Amino acid sequence: MILEELHIWNAYREGDQNALATIYTNYFDLLMEYGIRLTGDVEVVSDALHDLFLKLWANRSAQGEVAQIKAYLLVSLRHIIFNLLKKQKKTQNHSPEDFENFELQFQWPDNDADLYKEHREKLMMALNQLPARQKEIIYLRYVQEMEYADIATAMDITLNSSYKLVHKAIESLKDIIQVSGPVIPLMLNTLLPAFKKI
Amino acid sequence: MNVSDYSQFEKADFLEDAFFREWVFRPTPESEQFWQEWTTAAYPSLAAFHAAKLELQTMRSIVPVSFSKELQAKIWQRISSDIAQPKPGIIRLHWRKLAVAASTLLLISTAAYWLFQHPKASTTSELADLKPHNHSTLTLANGTVITLNKAQDTLNSGNAGVRIIGDTNLITYTMPSSNTTPVFNTLSVPRGDQFAVLLADGTKIWLNAASRLRYPDHFSGSKSREVYLENGEAYFQIAKNANQPFIVHSKGQEILVTGTAFNLNTYENILKTTLTEGAVNVNANNNTVKLHPGEQAQFDISAGRLTVDIVNVTPYIAWIDGWMYMDESSLQQVMEQVSRWYDLDIVFTDATLKDEKLGGKLQKQPKVTELLAILEKSSPVSFVLKNNTIYISRK
């Protein structure tokens with residue numbers, strides 16, 4: 001955790017409400033986005049955010065050091081949302097890993113100059129068809145760049161299962177590239193100029 | 001960074017490589033140069049490199065979800081007003097906005113002040129009528145009932161090898177020296193008392209007044225450690241043992257624990273499991289919820305409904321140190337606690353008083369009259385104590 005974050009976290013633990021407000025401001029977009037991807041319900045996520053920050057405040061003095069505020073917040077939000085939905089009887093007899101959807105659509109700007117257009121389209125199609133849990137883990141791992149340990153906590157699975165789930169998602173993409181295997185050497189030749197432009 | 005590191009990489013290896021990911025997501029002139037040079041060599045892993053890069057880029061190309069910007073300010077407003085909402089001195093049990101009832105009584109937290117200022121300010125009387133204090137009892141496997149009224153000598157659970165060491169308000173079980181089948185003991189705490197038991201596995205359980213706990217004298221040879229809170233309230237500090245999960249049974253609810261601390265209150269028709277540390281699964285009516293610290297499971301026995309709430313845990317475990325927290329608590333709830341603390345019955349001479357609201361915190365006093373004096377000073381009630389009964393009437 002970067003020093004500034006550590007500073008804010010410690011100030012919050014000592015009862016500084018401005019620090020709590022800073023945490024809220026810094027993470028609002030991320031938390032809201034994640035919540036909406038999980039539920040598709042702005043109302044539920046708003047309530048969950050409200051509960052999350054009140055819980056943070058109520059338990060500030062009992063709060064320990066956290067390695068990663070972001071992971072901690074995402075994990076907590078997910079649990080609160082789950083319990084809220086449960087309370088509303090929207091989910092029954094489900095465990096927290098059973099969020100039915102994860103709203104995640106992949107889209108690359110349609111550009112004819114894109115050397116890999118065809119591959120991307122296939123990749124996107126495959127990514128868009130992943131089951132909810134695989135989409136979520138791709139999102140946490142490669143978009144939010146969370147560590148496996150934090151992902152495991154967030155999704156209420158073991159560390160080992162989190163590796164496996166990422167692997168499974170990646171595996172289903174593997175086929176697409178393999179199919180177009182022969183094209184790859186061609187791509188390499190055209191790649192160098194593209195790099196130089198950057 | 002050694003180039004040869006990457007020459008045999010497969011796609012998955014690239015995806016797991018932090019340096020590689022960092023370059024795809026946030027290229028710097030240095031990393032650009034590194035990978036540009038690397039790709040000029042015809043390594044066997046080049047195809048995997050391109051596949052991985054393409055995948056990472058594509059994974060990041062996600063359609064944004066939309067929500068309004070005003071929402072951020074709106075939610076924060078709710079949060080900050082709920083943080084600010086408790087009046088000075090009022091202990092908030094729950095975040096949910098409670099309408100402050102006009103009948104809210106004054107704070108009662110300054111017990112000592114009132115006692116010093118008004119040493120005799122009380123209409124409570126008839127102390128002579130108070131019966132002697134009841135003691136907790138231990139029922140052994142063979143049915144023998146032992147009164148725990150003094151620091152005991154070593155007892156026997158009914159099982160040859162298991163010794164129980166008695167102390168003031170705590171009994172301690174020791175592991176048997178040889179293999180024996182566990183037998184059950186029952187610890188009953190009457191109104192007016194409080195007691196703790198240290199089980200053979202190191203688990204400590206505090207029992208509040210009017211509570212009953214049944215448990216084996218040791219846990220050897222079983223898959224799980226199971227105890228039964230048959231009545232009342234208890235705080236559990238469970239010794240960690242992942243191989244032998246701890247299960248607390250209570251009125252149709254089960255709490256599954258590996259190592260943690262929590263409070264279980266079963267006084268009312270809603271069982272409240274409040275988690276202070278670790279994690280537990282609460283199971284009731286074929287429903288399971290997982291609790292995290294700061295959360296409370298509420299099992300409504302009559303409705304068969306199991307829900308989870310976020311709470312400030314302090315008020316729920318304050319009883320261990322002899323405190324009662326009130327936040328919009330009804331006078332009836334407060335008096336029921338007084339009844340349990342001092343082993344006295346309560347009678348409302350004016351039923352409308354039951355719903356009077358109280359806030360603040362109240363510490364158990366050595367004498368009930370002291371406590372009632374504090375309550376009288378801060379509320380529109382007066383008490384008469386007669387035949388071990390507190391009669392409550394309007395001032």
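## A chat about chains A and B

Me: Starting with chain A, how many of its contacts between residues at least 6 apart in sequence join residues at least 24 apart?
Reply: In this predicted model, 64% of the contacts in chain A between residues at least 6 apart in sequence join residues at least 24 apart.

Me: And what is chain A built from in terms of secondary structure?
Reply: Chain A has nine helices and zero strands, so that, by the definition of helices used here, every element listed from the N terminus on is an α, in the order α-α-α-α-α-α-α-α-α.

Me: How much of chain A is buried?
Reply: Of the 198 residues in chain A, 52% count as buried, while the accessible surface of the chain comes to about 9,400 Å², with 52% of that belonging to carbon and sulfur atoms.

Me: Let me pick one residue. Where is Q144(A)?
Reply: Q144(A) sits in a loop of chain A, between α6 (132-143) and α7 (148-155).

Me: Is Q144(A) buried or exposed, and why?
Reply: Q144(A) counts as buried because its relative accessibility is 10%, and the cut-off for buried is under 20%.

Me: What is Q144(A) in contact with, beyond its neighbours in sequence?
Reply: Leaving aside residues within four places in sequence, Q144(A) is in contact with L30(A), K70(A) and Y139(A). As for Y34(A), that residue is 110 residues away from Q144(A) in sequence, and the two are 9.7 Å apart in space, C-alpha to C-alpha.

Me: OK, over to chain B. What does its secondary structure come to?
Reply: Chain B has ten helices and 24 strands. Buried residues make up 51% of its 395 residues, and its accessible surface is about 17,800 Å², of which carbon and sulfur atoms hold 52%.

Me: What about the contacts in chain B with a separation of 6 or more?
Reply: In chain B, residues 24 or more positions apart account for 54% of those contacts.

Me: Which residues of α3(B) are buried?
Reply: The buried residues in α3(B) are F20(B), R21(B), W23(B), V24(B) and F25(B).

Me: What does the side chain of S250(B) reach?
Reply: The side chain of S250(B) reaches the backbone oxygen of L229(B) at 3.0 Å. Not counting residues up to four places away in sequence, S250(B) touches L229(B), L264(B), T266(B) and L271(B).

Me: Now the two chains together: how many residues does each bring to the contact?
Reply: Chain B brings 59 residues and chain A brings 61 residues, and between them the chains bury about 5,500 Å², 65% of it on carbon and sulfur atoms.

Me: How many salt bridges are there between chain B and chain A?
Reply: There are seven salt bridges between the two chains, including one in which the side chains of E145(A) and R26(B) meet at 2.7 Å, N to O. The count of residue pairs in polar contact between chain B and chain A, both at pLDDT 80 or more, is 20.

Me: Which element gives the largest share of the side of chain B that touches chain A?
Reply: That is α5(B), with twelve residues. By class, the side of chain B that touches chain A has 25 nonpolar, 17 polar and 17 charged residues.

Methods:
Residues numbered from 1 in each chain as written. Chains lettered and ligands numbered in written order. Predicted model: local features only at pLDDT ≥ 70, side-chain atom pairs only at ≥ 80, totals over all residues. Heavy atoms only, no water. Contact = heavy atoms within 4.5 Å. Buried area = accessible area lost by both parts, 1.4 Å probe. Salt bridge = Lys/Arg side-chain N within 4 Å of Asp/Glu carboxyl O. Polar contact = N/O pair within 3.5 Å; in protein donor to acceptor, adjacent residues only side chain to side chain. Helix = DSSP H or I, 4+ residues; strand = E, 2+ residues; numbered from the N terminus. Nonpolar A, V, L, I, M, F, W, Y, C, P; charged D, E, K, R; others polar. Buried < 20%, exposed > 50% of the residue type's maximum accessible area, 1.4 Å probe, protein only. Areas by Shrake-Rupley, 256 points an atom, 1.4 Å probe, with all protein chains shown as cover.
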